[in-house]
Amino acid sequence: MGMEPTRVRCMVVVPDGPSRRVGPAGVLIGRQRDCDIVATDPAVSRRHALVRLTGDGAEVVPLGKTPVEVNGEPTTNARPLRNGDELRVPGLVLGVTIEVPRPSTTPITGFVLQRGGSSFGITHSPFVIGGGTSDDLIVKKWPASSLLLHIAQGALYVEPRDGDAARNGEPIEAGALEPLAYGDRLGYRDETFVIAQAQGSIATTAVGGKGDLPTRVQIEILPRGGRVVFTIGGREHPVYLADRRFDLMFALLRPPTEYKAGELIPDDTIRTIVWPRKPAVSRPEINMLISRCRRDLVDAGIAGPRLIARAPGGGATRVVLAPDAEVEVLS
């Protein structure tokens, strides 16, 4: 199953040229010919900038040695983008369009929320529940964006913004991605929703056959992170991971020679790769990094909590791959 419709559509527009839609892997701008948008000015780095989607919209990530200009203002750090912004790299001016489409009212994801005699279709991903005026399902007296529901590979996950949520009476940690199944009771403060199957939809399962696991993974190292392409069920699912999140994925997919991709990699080994100058990194810090990496995968339509698995009780982590999966680092 591919990625379900997202709430944000971002385009990078080349004047008098084509437009590039920003997908989960972002749009790469640079001098190297395999970039998504190629700039010919010699002052442009081979990998100069990346425009990527975020949970709230889009941002530009400078990758080269020189700044990227946003509306005439140079920046060397990741910067959020707005509709109508103008990006400049040497010899190239690019426009940015961002829109939030009005969501369909048809529950195309196969999941609905039931409360009393009412039913609310989960129509896209992420589906936002809260007290904000722009939330998809508005519950008065709740904080804005209290619960985010994500769909990835046919599985449903809830991401609470605080610690007031529970699944079947068990508390859910703030910021965690908790899987939800048909029949589960999702509670928040004084409200309870039941997860149900949309009428006429085909039931999906959280665990399926070999096609649900990556059979091939391609890794591209970038100056600030990298892009990873997972082939799942015959389809490519690209995702950009920034900085330590990419380092974590690289450590799991290309571990030291005594381990293989798909095996449990001990935390001590992960520490030496991801935090080479900080060997005393705590287990909660590792868990937080794993959580953020899972979230990036879910945003790309990949079941991150299923793909990145912790050992029972913690202490080691692995990427769950199909048997004989191929892992390749692109040069």
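## Terms and model

Buried means under 20% relative accessible area, exposed means over 50%, and partly exposed lies in between (1.4 Å probe, protein chains only). Pro15 is partly exposed, with a relative accessible area of 47%.

This is a predicted model, in which local features need pLDDT of at least 70, side-chain atom pairs count only at pLDDT 80 or more, and totals for chains, interfaces and linings use all residues. Residues are numbered from 1 along each chain as its sequence is written, and side-chain values use heavy atoms, with hydrogens and water left out.

## The whole chain

The protein chain has 4 helices and 29 strands. Both are DSSP runs, numbered from the N terminus: helices are H or I with at least four residues, strands are E with at least two. The radius of gyration is 21 Å, close to the 20 Å that the globule rule gives for 331 residues, so the chain is as compact as a globular protein of that length. That radius is taken over C-alpha atoms, and the rule is 2.2 Å times the number of residues to the power 0.38. Along the principal axes, the C-alpha atoms fill a box of roughly 65 × 50 × 40 Å.

Of the 331 residues, 46% are buried. The chain exposes about 16200 Å², and carbon and sulfur atoms supply 48% of that area. Such areas come from the Shrake-Rupley method with a 1.4 Å probe; for residues, only the protein chains shown count as cover. Contact means heavy atoms within 4.5 Å. Among contacts with a separation of 6 or more, 44% join residues 24 or more positions apart.

## Two nonpolar cores

A nonpolar core is a set of buried Ala, Val, Leu, Ile, Met, Phe, Trp, Tyr and Cys residues joined through side-chain atoms within 4.5 Å. The largest one has 29 residues. Val217, Val228, Phe230, Leu248, Met249, Leu253 and Leu297 touch the most other members. A second, separate core of 23 residues includes Val12, Ile29, Ile37 and Val60.

Which residues does Val228 contact, leaving aside neighbours within four places in sequence? They are Val217, Gln218, His237, Pro238, Val239, Leu241, Phe246, Met249 and Leu253.

## Helix H2

In H2, Asp267, Thr269, Ile270, Arg271 and Val274 are buried. The buried residues of this helix pack against two helices, H1 and H3. They also pack against strands S26 (265–266), S27 (308–310) and S28 (316–319).

## Backbone details

Ser125 and Pro126 are joined by a cis peptide bond, with omega about 0°. Pro126 sits in the loop between strand S13 (118–121) and strand S14 (127–130).

Asn71 is not a glycine, yet its phi is positive, about 55°. Its loop runs between strand S7 (68–70) and strand S8 (73–75). Asn71 is partly exposed, at 43% relative accessible area. Asp243 also has a positive phi, near 45°, in a residue other than glycine. Asp243 belongs to helix H1. Its relative accessible area is 45%, which makes Asp243 partly exposed.

Pro15 lies in the loop between strand S1 (9–13) and strand S2 (19–21). Not counting residues up to four places away in sequence, Pro15 touches Val93 and Leu94. Pro15 and Phe250 are 235 residues apart along the chain, with 37 Å between their C-alpha atoms.

Arg115 is part of strand S12 (residues 111–115). Its relative accessibility is 38%, so Arg115 counts as partly exposed. Beyond four places in sequence, Arg115 contacts Phe120, Glu191, Thr192 and Phe193. Is His150 buried or exposed? His150 is buried, with a relative accessible area of 1%. This residue is found in strand S16 (residues 147–152). Leaving aside neighbours within four places in sequence, the contacts of His150 include Ser125 and Pro126. Arg295, Val298 and Asp299 are also among them.
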